[in-house]
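Here is a short report for a first look at this structure.

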Amino acid sequence: MSKHEHTPSFKSDLITFGLLMLLTAITIWASYATGGTTVLAVLVAMGIATVKATLVVRNFMHIKYDDIIYKLFIGAVIIIFGVFITLLAVDYFYR
Amino acid sequence: MAHYEIPNSGLKRDDEGKKMGMWLFLFTEVLLFGGLFLVYAMYRFQYFDEFKIVAEHMDITLGAINTVILIASSLTVAMSITAMKKGLDNVAVLLIIITIFLALSFMVNKYFEWSNHIHHGLFPGFEAFNNLEKGEGMFLFLYYFMTGLHGLHVVVGAVLLAIVIKRIMLGRITSENIVFQENAGLYWHLVDLIWIYLFPLFYLLH
Amino acid sequence: MTDTNTTAMEQSFWNEKKGIFSWIFTLDHKRIALLYLYAITAFFLVGMTLGFLMRLELIAPGQTIMEATTYNKVFTFHGVIMIFLVIIPSIPAVFGNFMLPIMLGTDDVALPRLNLFSWWLYIIGASMALLTLVYGPGSADTGWTFYAPYSVNTDTNVTLLLFAAFVLGFSSILTGLNFIVTIHRLRAPKMTWFKMPLFAWSLYATAWIQLLATPIVGITLLMVIAERTFGIGLFDPALGGDPVLYQHLFWIYSHPVVYVMILPAMGIISEILPTAAQRTIFGYKAIAISSMAIAFLGYFVWGHHMFTSGMSGEARVVFSFVTYLVAIPTAIKVFNWVATLYKGSIHMTPNLLWSTSFIFNFMIGGLTGLILGALSVDVHVHDTAYVVAHFHYTMFGGTIFVFFGAMHYWFPKIFGRMYNKRLSYISLTLTFIGFNVTYMAMLIVGGQGMPRRYYDYLPEFTTLNQISTVGSWVLVIGILMMIYNLVRSAKKGEIATANPWNGVTLEWQIPSPPPLHNFVKAPILSDKGPYDFSILDQVNRENLEN
């Protein structure tokens, strides 16, 4: 397997950090703006957290340079966890 | 007997294999916390009002400071790997020292937060905790359990990073042989990832 | 012939190094596999004795040889030992460790030190589990499922046992992790995914379940420990917890884990049958993909253990429906095995008979599983001996039978000696008859309404229970005879050739027992996949030259 050569740079690390800081600020602001515990608030908070998590995984954990198989792995894990939470919700939502 | 060298030997150095092993281990860690997130989600649904009442008392400022600290430490770890790949060993060591320092300040911050709660008797076994509504105690205990387990991971990650420093000093991690540092970095980023979800769940949904 | 094999013996992994430390700190996958084999055999004998005693208690209504509380402890420990210490690690840790690297054409797993660490975790976890018997307030009486709130409130030694299960879980996770990396990284050149032996495929599917399902139960057990330690109500309804949530989390792991137990067994059947019939497997891709499909669908169906626990009606219907889907890939496998034997040139061997016994038992186990998966029926037979019998038909008649069959298949490869075939046929017959008498009677009496986990029963169930108990005697005699045969033959059996069954997968292309690094020359890989018997002559010629 040939490794795609990439030149790491401090600059891209710092840009990622800047974006994460910005998103942190937004999510704190949004928690007040959306009223804390509305459905919208939960969706916004989890949505922003997921964007942040994607940034960390892609840029800091170098998934963007890695083999496609790692993306498939991560996709599988997300699907499995999604199955757990969906089926649990089917029980709790209708109980 | 003719000597045959196994081309796909398991005893040869295989950085890609080690990295894959680390990723798979991270998946296990994610699902370990995943079980807790499932519990949190179901009880949040069941005890909606009680969770809200306790969440209002959480200190967003402290939580936000810890978020900034962890994201900054993720940055320094990522930069230390970048530095190491460029052959800047001393810069890499310095960056990891900063990371460990950030990890310590995270734990100190956490200590003050916990001891503040405990000071008010909000810990299992204390009068004030026992007088709480059922769902309120649930929120607090999940908070202790999840941030406690997360804190344990912070400590383990910091120890791993200390080992990285030692190995760089000994020349066992070089720009050509960096997989141990990368794996320690992956572990550290996982600690950050978990916190990215813990922060809104315990502090922001109030 | 004997001479070449003697030299092979001298260079084998058995003789490479001596002394206890060369075993318990070894990095060699073959030695680690044997360490597991010895430990698992010992625990199996303990678990079997407990099961035997339970059957003895049930020979007559009322108290016979033990009190109700003792009976509770005995079935708890029988379950814990058989599930966590025997069946879960059995095939992956023993035959997976031994055969996977050889079948892939390499000399070790990808992470040998992690492999040794897994074994140590297993031993530590097992020791902790055993410690609960002698230390503290008495061994646990919760059943192996540790259902809350009883596991939270009981005074017995549950905390340590839960932690033991947690540690054993991590042993299992790390073994699975190692296999995934091994299969991704260490396949022989030219061995593409669809040229891997099917046992490797089944281990791959298994490993993903171990990796992704085990941590859920791990954290759940930790939560119960925390609940016991801090007196807090995570699952205890008296303190605001939800006991059904415990069951959800427990079965999110424990249903997929029954596929951890059965999938590797199915993989071994897919190895034995082509060799026995001397023809390529029927439907290679279908079997390989159905393994992955079972592993995936296994995550959707855990709720069928909880039909009577108070889940919502909607959830019960969904879980019942999805349960039926699992039958599809399972049936695909069974049909392909039978088709493999069709018009093959079948050679009668003990391992073939173990495999066909498995198919027989597993069909009963699988079809009763469909009956239990039907929501309306399950409500009636839930928590009866019917469920116990179904479970033993799949796990004992399934996994353990294949474990024994694999032992007879790979025994000459591992030990370099052949067992007494006559004795092995006799022991197999006794085991098969004893097994079916024991559990068929249990299945019927369960259908009639005898509840599980009781040390007592109504007088009308007496006859069937006595038949079942007598069956268990035959079963135990058969198993002991088999173990005697194998233990004796490991030392004194006839010297075995490199390829006694005329197989073509890679483990039959190396000396018996294997040398330290497995391969002394490049293995022969057919372009037509792992079960291409046209290379058999070439394989046997090469073997003679060794």
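The predictor's confidence in each residue, from 0 to 100, is called pLDDT. This is a predicted model, in which local features need pLDDT of at least 70 and side-chain atom pairs count only at pLDDT 80 or more, while totals for chains, interfaces and linings use all residues. Residues are numbered from 1 along each chain as its sequence is written, and chains are lettered from A and ligands numbered from 1 in the order in which they are written.

Chain A has an average pLDDT of 89, and 93% of its residues score at least 70. Helices here are DSSP runs (H or I, at least four residues), numbered from the N terminus. Among the elements of chain A, two helices mark the ends of the range.

| Helix of chain A | Residues | Mean pLDDT |
|---|---|---|
| α2, lowest | 39-60 | 93 |
| α3, highest | 68-94 | 95 |

Next comes the core. A residue is buried if 20 or more other C-beta atoms lie within 10 Å of its own, exposed if 12 or fewer, and partly exposed in between, with C-beta atoms placed from the backbone. A nonpolar core is a set of buried Ala, Val, Leu, Ile, Met, Phe, Trp, Tyr and Cys residues joined through C-beta atoms within 7 Å. The largest such core holds 270 residues, and C:Ile180 and C:Ala200 touch the most other members. Helix α9(C) gives this core its largest share, 23 residues. Two residues are in contact if their C-beta atoms, placed from the backbone, lie within 7 Å. Beyond its neighbours within four places in sequence, C:Ala200 is in contact with C:Leu100, C:Met103, C:Leu104 and C:Ile183.

Helix α10(C) covers residues 284-297. Buried residues in α10(C) include C:Tyr284, C:Ile287 and C:Phe296. Their cover includes α8 (198-230), α9 (243-277) and α11 (313-341) of chain C.

C:Leu131 lies in helix α5 (residues 112-134) of chain C. Is C:Leu131 buried or partly exposed? C:Leu131 is partly exposed, because 15 other C-beta atoms lie within 10 Å.

Now the chain contacts. Chain C brings 43 residues to its contact with chain B, and chain B brings 35. On the side of chain C, α8(C) supplies the largest share, nine residues. Ten residues of chain A are in contact with eleven residues of chain C.

Definitions and conventions:
The expected span of a helix is 1.5 Å times one less than its number of residues.
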